[in-house]
Amino acid sequence: MNKQYLEDVEEWLRGVANYLDKRQDGTGDLRDELDQLLEWKSGINEEELSATDIEQLQQRIHILHHNVTKLSQKDQESNLNKSVPIGKHTLPPLPYAYNALEPVISAEIMKLHHDKHHQAYVDGLNKAELMMQKARETNDFSLIKHWEREAAFHGSGHYLHTLFWEIMSPKGGGNPNGSLLKQIEHDFGSFEALKKHFSEAAKAVEGVGWALLVWAPRAKKLEILQSERHMNLTQWDTIPLLVLDVWEHAYYLQYKTNRAGYVDNWWRIVNWPEVQYRFDKASQLTWKTQ
Ligand code: MN
């Protein structure tokens, strides 16, 4: 039992060391604590651990664990409040090793998919954002249709892949439970029914795309959707705040072919307090910044 415990401790300490290495600054005290613990640990005879040794070890681990948790909470909070500057999206690291999802998904696929494809989406999104910024600065919107498409295509690619990596795990599988399972049962009847519907939707996506389980905040229910390619000019994982209907039915009787006149006039009737309300609600929802 001691041996297993020491192995677990060893693994955990390695994880802490990695975290501190990656974080680099502001970890002086924790680094000292970790080094002292490692030194003390290397000095003990693992075969003949006394009850006092174990107790001491547990105490030190307890303190270190407390401090590391505090630090990582602080990191998470500051990350949540950070925003991504225009053109500065970065490729999030895979939350596990390339081969961690084998045999379901091979290391070769994961490496290519993450390092090449996802990186290309990040680059494409950054470029689109910068080009749209340039359009605003120079007041030249002649290529706006192109860059909006690029922003939608690469933006959805970046956000959906980020989500995709995170909703898989080498320790995954099994069943949902708790409030999620309750909602699934409410909206689909059973988890089995959701699985069947989701699988059929995924298999039937025309060409390339995604199957998505989504939350509809207005209907307050779960829904299953398909996304062909992955955007049709939206960026999945975003929330609309201000929308303008430019289907002909919205203006044709009055403006005929003058859509521009309709658009320009429309600003006179925007209900900003409502947009503000949506913004306040939507900005409460924060994922990790990427
Ligand atoms: Mn992909």
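Glu 48 counts as exposed because it has 8 C-beta neighbours inside 10 Å, where exposed stands for 12 or fewer other C-beta atoms within 10 Å of a residue's own, buried for 20 or more, and partly exposed for the range in between, with C-beta atoms placed from the backbone. Glu 48 is found in the loop between helix H2 (28–43) and helix H3, and its C-alpha atom is separated by 9.3 Å from that of Asn 2, 46 residues away along the chain. Helices (H or I, at least four residues) and strands (E, at least two) are DSSP runs numbered from the N terminus. This is a predicted model, in which local features need pLDDT of at least 70 and side-chain atom pairs count only at pLDDT 80 or more, whereas totals for chains, interfaces and linings use all residues. Residues are numbered from 1 along each chain as its sequence is written.

**Domains**

- The chain is assigned domain 1 (2–81), domain 2 (85–169), domain 3 (176–235) and domain 4 (239–290), with bounds that come from an automatic or database domain assignment.
- Between the C-alpha centres of domain 1 and domain 4 the distance is 52 Å.

**The H4–H5 pair**

- Helix H4 (residues 107–138) packs with helix H5 (residues 144–166) at an angle of about 145°, and their axes are 8 Å apart; axes are lines fitted to C-alpha atoms, for helices over the stretch in contact, and angles run from 0 to 180 degrees between N-to-C directions.
- The crossing of H4 past H5 is left-handed, a term that applies if the near helix is turned anticlockwise from the far one by less than a right angle, with right-handed used if the turn is clockwise.
- On the H4 side the residues that meet H5 include His 118, Tyr 121, Leu 125, Met 131 and Ala 135, and among their counterparts in H5 are Ile 144, Trp 147, Phe 153, His 158 and His 161; two residues are in contact if their C-beta atoms, placed from the backbone, lie within 7 Å.
- The residues of this H4 contact with H5 divide into eleven nonpolar, seven polar and three charged, where Ala, Val, Leu, Ile, Met, Phe, Trp, Tyr, Cys and Pro count as nonpolar, Asp, Glu, Lys and Arg as charged, and the others, Gly among them, as polar.

**The nonpolar core**

- The largest nonpolar core has seven residues in all, namely Tyr 121, Val 122, Leu 125, Ala 128, Ala 151, Ala 152 and Phe 153; such a core is a set of buried Ala, Val, Leu, Ile, Met, Phe, Trp, Tyr and Cys residues joined through C-beta atoms within 7 Å.
- H4 and H5 are the elements that give two or more residues to this core, and the largest share, four residues, comes from H4.

**Backbone features in loops**

- The peptide bond from Glu 102 to Pro 103 is cis, with omega near 5°, and Pro 103 has its place in the loop between helix H3 (51–81) and H4.
- Lys 220, although not a glycine, has a positive phi of about 55°; it lies in the loop between strand E1 (209–216) and strand E2 (221–228), and it is exposed because 10 other C-beta atoms lie within 10 Å.
- Lys 256, likewise not a glycine, has a positive phi of about 50°; it is found in the loop between helix H8 (252–255) and helix H9 (259–266), and it is exposed, with 11 other C-beta atoms within 10 Å.

- Phe 141 has its place in the loop between H4 and H5 and is exposed, with 12 other C-beta atoms within 10 Å, while Phe 141 and Arg 218, 77 residues apart in sequence, are 34 Å apart in space from C-alpha to C-alpha.
- Glu 223 lies in strand E2 and is exposed, with 12 other C-beta atoms within 10 Å.
- Leaving aside its neighbours within four places in sequence, Glu 223 is in contact with Val 214 and Ala 216, and its C-alpha to C-alpha distance to Leu 212, eleven residues away in sequence, is 8.2 Å.
- Arg 278, in helix H10 (residues 272–282), is partly exposed because 14 other C-beta atoms lie within 10 Å, and Arg 278 and Glu 248, 30 residues apart in sequence, are 26 Å apart in space from C-alpha to C-alpha.
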